[in-house]
Amino acid sequence: ADLQGANLMWANLVIADLRGANLQGANLEKVDLRGADLSGADLRGADLREANLEGADLSGADLRGTDLDGSYLKDANLQGAVMERADLEFAFLRDANLEGVNLEG
């Protein structure tokens with residue numbers, strides 16, 4: 001899916017299949033992505049403030065420069081994700097898989 005720059009604020013995307021989707025620069029503020037598959041997705045510069053990503057699969061996703069301020073990432077799989085310059089202020093990461101994650105900057 002090509003959702004580059006889309007405004008999906010408050011959308012219900014529970015268990016959505018967004019593998020490899022282009023969500024670069026998309027507004028995903030307060031989106032419900034519980035259990036969604038975002039593996040390999042391009043989320044560069046996306047706004048995920050206060051998004052619910054509980055149990056979501058973000059393995060291999062590109063989250064460079066993504067705003068995750070206040071997001072809920074409990075049990076999320078971020079294995080191998082690229083998160084350079086991502087804003088994780090107030091993010092909840094309990095039991096999240098951060099194996100091999102690049103958190104540079």
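Modeller: Arginine 49 counts as partly exposed, at 29% relative accessibility. The scale behind that word runs as follows: buried means under 20% relative accessible area, exposed means over 50%, and partly exposed lies in between, with a 1.4 Å probe and protein chains only. This is a predicted model, in which local features need pLDDT of at least 70 and side-chain atom pairs count only at pLDDT 80 or more, while totals for chains, interfaces and linings use all residues. Residues are numbered from 1 along each chain as its sequence is written, and side-chain values use heavy atoms, with hydrogens and water left out.

The side chain of arginine 49 meets that of aspartate 67 in a salt bridge, at 3.7 Å from N to O. A salt bridge here is a side-chain nitrogen of Lys or Arg within 4 Å of a carboxyl oxygen of Asp or Glu. Side chains of opposite charge can pair when their charged atoms come close. Aspartate 67 is partly exposed as well, with a relative accessible area of 22%.

Two other pairs can be set beside this one. Aspartate 17 and arginine 19 form a salt bridge whose closest N and O atoms are 2.5 Å apart. Aspartate 17 is partly exposed at 48%, and arginine 19 is exposed at 52%. Aspartate 62 also forms a salt bridge, with arginine 64, and there the closest N and O atoms are 2.5 Å apart. Aspartate 62 is buried, with a relative accessible area of 15%, whereas arginine 64 is partly exposed at 31%. Back at arginine 49, salt bridges that share partners join Glu29, Asp47, Arg49 and Asp67 into one network.

Now the chain as a whole. The count of salt bridges comes to eleven. There are 9 positive and 20 negative side chains, and the centres of the two sets lie 1 Å apart. For this tally Lys and Arg count as positive and Asp and Glu as negative, while His and the chain ends are not counted. The place of a charge is taken as NZ of Lys, CZ of Arg, CG of Asp or CD of Glu. Of the 105 residues of the chain, 40% count as buried. The C-alpha atoms fill a box of roughly 30 × 25 × 20 Å, taken along the principal axes.
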